[in-house]
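Q: I've got a model open and want to learn how to read it. Could you walk me through a helix and some ring pairs?

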Amino acid sequence: YCAAAETHGDKTFLVYEDTRLTFSEAWTQAQALAAGLSARYGVVRGDRVALALRNYPEWILAFMAATALGAVAVPVNAWWTEEEMAYGLKDSGAKVVVVDDERLVRLGAARAENPKLVVLTVRSSAGDASTTALEDLLGDFAGEPRPAHGGSVDDDAMILYTSGTTG
């Protein structure tokens with residue numbers, strides 16, 4: 001990601017409605033998020049960070065942050081039921097899950113099974129004292145470089161669950 005930010009800097013990387021992020025802006029935000037995940041929640045190389053949200057810009061920022069730390073990104077199917085979500089988060093060993101409001105309401109069983117699960121909310125009006133707004137975490141760690149993870153090219157980058165179809 002760093003090389004892309006250095007090479008393409010001020011070119012547009014991501015467009016969502018009225019939001020535009022350049023390569024440099026996206027990498028800066030991803031680094032801040034990685035710093036926050038590491039410093040506040042102890043995310044290290046090999047930990048699982050689940051992404052359970054629609055296609056918001058924060059999805060790619062969270063993916064970039066997790067993999068830049070050497071953590072394993074776990075994109076989950078946005079259509080999963082509460083039971084499926086609980087299974088996937090438990091099976092993957094997710095330490096952190098990034099959710100939007102629609103997926104937040106489906107975390108009941110997963111949170112009951114794992115009360116230590118860190119829940120980061122995106123564009124949420126439903127968060128509470130047990131969750132953290134991803135935007136707040138970005139603000140708290142703005143300008144912080146991501147910690148080095150000492151990983152290798154052989155490390156796992158993601159766990160991807162299929163939808164179960166054969167076609």
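A: Helices (H or I, at least four residues) and strands (E, at least two) are DSSP runs, numbered from the N terminus. Here H4 is followed by Gly-93, whose phi is positive, near 80°. This is a predicted model, where local features need pLDDT of at least 70, side-chain atom pairs count only at pLDDT 80 or more, and totals for chains, interfaces and linings use all residues. Residues are numbered from 1 along each chain as its sequence is written, and side-chain values use heavy atoms, with hydrogens and water left out.

Q: Which residues of helix H4 are buried?
A: Buried means under 20% relative accessible area, exposed over 50%, partly exposed in between (1.4 Å probe, protein chains only). In H4 (residues 82-92), Met-85, Ala-86, Gly-88, Leu-89 and Ser-92 are buried. They sit on the same side of H4, because they cover an arc of only 165° around the axis (taken from the directions from the helix axis to the C-beta atoms). Glu-83, Tyr-87 and Lys-90, on the other side of H4, are exposed.

Q: How many aromatic pairs are there?
A: A pair of aromatic rings is described by the distance of the centres and the angle of the planes. Rings of Phe, Tyr and Trp (its six-membered ring) pair if their centres lie within 6.5 Å; planes under 30 degrees apart count as stacked, over 60 as edge-to-face and the rest as tilted. A search of the whole structure turns up four. One of them is Trp-59 with Phe-63: centres 5.6 Å apart and planes at 5°, so stacked. Both residues lie in helix H3 (residues 57-69), four residues apart.
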